[in-house]
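Could you take a look at the model below?

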Amino acid sequence: MSAVRIEGLAKAYGKHAILRGLDLAIKAGECFVLLGPSGCGKTVLMRLLAGFETPDNGRVVIGDVEVAANGVNAPPDRRGIGMVFQDYAVWPHMSVRDNVSYPLKLATVPADERERRTQQALDHVGLSGLEARMPSQLSGGQQQRVALARALVSKPALLLLDEPLNNLDANLREEMRFEIRELQQQLGITVIYVTHDQEIALALADRIGIMDEQGRLRQIGAPAELFDQPIDAYVYRFLGIANFVPMKKRGANWYFPDGVETWKGAPPNLPGEHLTLGCRPFDIVLSHDGQGLPGIIKRASFLGAQMDYLIEVGGVTLRAATDSRHALDQMQRFAEGTDCLVNFRSAQWFENAVPANQGEAHA
Ligand SMILES: Nc1ncnc2c1ncn2[C@@H]1O[C@H](COP(=O)(O)OP(=O)(O)OP(=O)(O)O)[C@@H](O)[C@H]1O
Ligand SMILES: [Mg+2]
């Protein structure tokens, strides 16, 4: 049985269509991550699932209960869901304990059971001992845990998390995403997690759905599957830093934009004479001698664990990355303005035209 079934879901604001007949089935116990650019409709979808918005069309079934369809729209507190939204407001005038137990109070759960379940939720998120504190006496990460405990205290079968880690610094965000994953597996709950951060998506998800600007799901799959077999350049770009090179076929060869250098790797398995070559920074191998395309190092940055390069090759600028330790040990470090040879460890071909490689690969 699916934990959540979404069929033909449509929502517009005035003339502005956000969702245009979305279909999606989420399995029970899975962590499904919805990944998409800002403004594509992720939060709108979550609000529809939670019952804060009414769909124009389509159906939502949670468990075996139809919560939204043809005029029916069950209110949020009748949907059996927990949620932590973008602005994870904890109530500043209530202690940690009161924040977390509040939903149970609303549901008129008897005091002793309320106490027990609140304590359990606080244990789950590692906050025991801080029950009496006020939110102003907590760090950002601890406040985040309060919001999470509050979402869990009603024992929801479904947890909706909409960018819940946005307000945290990078280290804490990393730590929390593992904790959320652990908690999800330990409790066996179904999670729908919204983000535009591909690292969080890859780390957390059983499956990822990539949403585009039109509010359509471009591809759904396990993280490794999307990473290895993206159906198009859009999906490819969403899962990490991407270099895109517009390539042209002449005779049997595929030419780089300078019209001189040719692709030496396996030829594409796609029709057409104009295709886009995609490669990641770590797909590019640099050397001082041997075979390879001649390149010039335009920028070299030492980023701690890795060396990050901008290389001009074949009439395009590519972003490349090498392991710093390797670079230091093997004398494979390249100074700005020097020549290098460029090889590709792997690459993918796409039919869609993508703007030539600038901007995003340099982000
Ligand atoms: N209540 C509303 N009235 C009118 N337009 C709205 C409303 N809520 C959302 N929108 C519009 O719907 C579109 C999708 O918004 P949504 O909040 O779902 O984006 P998002 O994918 O969550 O983006 P982000 O990653 O920035 O949070 C946006 O263009 C937004 O302006
Ligand atoms: Mg949003």
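Here is a brief report on the structure shown above.

## About the model

This is a predicted model, where local features need pLDDT of at least 70, side-chain atom pairs count only at pLDDT 80 or more, and totals for chains, interfaces and linings use all residues. Residues are numbered from 1 along each chain as its sequence is written, while chains are lettered from A and ligands numbered from 1 in the order in which they are written.

## Two domains

The chain is assigned domain 1 (2-233) and domain 2 (241-362); such bounds come from an automatic or database domain assignment. Between the C-alpha centres of domain 1 and domain 2 there are 39 Å.

## An open antiparallel sheet

An open sheet of four strands runs in the order β13-β12-β14-β20, with antiparallel pairing. Strands are DSSP runs of E with at least two residues, helices are runs of H or I with at least four, and both are numbered from the N terminus; two strands pair if DSSP finds at least two bridges between them. At the edges sit β13 (253-255) and β20 (348-350), each pairing on one side only.

Six bridges join β12 (residues 243-250) to β14 (residues 274-279) in the antiparallel sense. F244 has G278 in β14 as its bridge partner.

## Around ligand 1

The shell of ligand 1 (residues whose C-beta atom, placed from the backbone, lies within 6 Å) consists of Y13, I18, G36, S38, G39, C40, G41, K42, T43, V44 and H196. Helix α1 (residues 42-50) supplies the largest share of this shell, three residues.
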